[in-house]
Amino acid sequence: MGKTTETATDLLAIGAQVLERTKKAVPQAAAEAFLVRSDSRVSEWSEGKPENKVIAQTLGLGLRLIDDGRLGFAYTNRCGTEDMDWLVERATASSRSTTP
């Protein structure tokens, strides 16, 4: 699932994995996962002939949590196992720097 060709079902599975990891790391926290995938296509023509065709796909994964009344947020454009762990760690650290 490291590529950005995920289907809607894959995105739901990624979100579920992030929330599971969050519950394990910070069981008392309320959490939400946000996932966005976008596709962009550009075709360039010159003298009536196709010259360049560019297809770009992006994936965004955000985690918002509330731990003991403190809000934390983190975002990444990667969805590997280590990236999910990093996301949970960053959101948790972010929550520690806010006031309830």
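Is Arg 64 buried, partly exposed or exposed? In this predicted model, Arg 64 is partly exposed, with a relative accessible area of 35%. Its side chain forms a salt bridge with Glu 32, the closest N and O atoms being 2.2 Å apart. Arg 64 belongs to strand S2 and Glu 32 to strand S1, so the pair ties together parts that are 32 residues apart in sequence. Glu 32 is likewise assigned as partly exposed, at 35% relative accessibility.

A search of the whole structure finds 3 salt bridges. One of them joins Asp 85 and Arg 21, with an N to O distance of 2.7 Å. This pair links distant parts of the chain, since Asp 85 is in helix H2 and Arg 21 is in helix H1, 64 residues apart. Asp 85 counts as partly exposed at 30% relative accessibility, and Arg 21 counts as partly exposed at 25%. A salt bridge is also found between the side chains of Asp 39 and Arg 37, at 3.2 Å from N to O. For Asp 39 the relative accessible area is 37%, which makes the residue partly exposed; Arg 37, at 33%, counts as partly exposed.

The strands form an open sheet of 3 members in the order S1-S2-S3, with antiparallel pairing. Strand S1 (30-46) and S3 stand at the edges and have a single partner strand each, so one side of each is left without a neighbour in the sheet. On average, neighbouring strands are turned by 15 degrees against each other, direction ignored. Strand S2 (residues 49-67) is joined to S3 by 7 bridges, and the two run antiparallel. Within S3, Gly 72 stands opposite Leu 65, and Ala 74 stands opposite Leu 63.

Two helices lie across the strands. Helix H1 (residues 8-25) lies across S1 and S2 and runs at about 145 degrees to S1. Helix H2 (residues 81-96) lies across S2 and S3, running at about 145 degrees to S3. Thr 22 is placed in helix H1 and, at 1% relative accessibility, counts as buried. Leaving aside residues up to four places away in sequence, Thr 22 touches Pro 27, Ala 31, Leu 63, Leu 65 and Val 88.

At 80% relative accessibility, Glu 47 counts as exposed. The hairpin of S2 and S3 has 2 residues between the strands, and there Asp 68 takes a positive phi near 55 degrees. Asp 68 is exposed, with a relative accessible area of 64%.

On the surface, Phe 34, Phe 73 and Tyr 75 form a nonpolar patch, with about 320 Å² of accessible area together.

Technical notes
Residues are numbered from 1 along each chain as its sequence is written. This is a predicted model: local features need pLDDT of at least 70, side-chain atom pairs count only at pLDDT 80 or more; totals for chains, interfaces and linings use all residues. Side-chain values use heavy atoms; hydrogens and water are left out. Patches are made of residues with over 30% relative accessible area and no salt bridge: like charges are joined within 9 Å, nonpolar side chains (Val, Leu, Ile, Met, Phe, Trp, Tyr) within 5 Å. Accessible areas come from the Shrake-Rupley method with a 1.4 Å probe; for residues, only the protein chains shown count as cover. A salt bridge is a side-chain nitrogen of Lys or Arg within 4 Å of a carboxyl oxygen of Asp or Glu. Two strands pair if DSSP finds at least two bridges between them. Helices (H or I, at least four residues) and strands (E, at least two) are DSSP runs, numbered from the N terminus. Axes are lines fitted to C-alpha atoms, for helices over the stretch in contact, and angles run from 0 to 180 degrees between N-to-C directions. Contact means heavy atoms within 4.5 Å. Buried means under 20% relative accessible area, exposed over 50%, partly exposed in between (1.4 Å probe, protein chains only).
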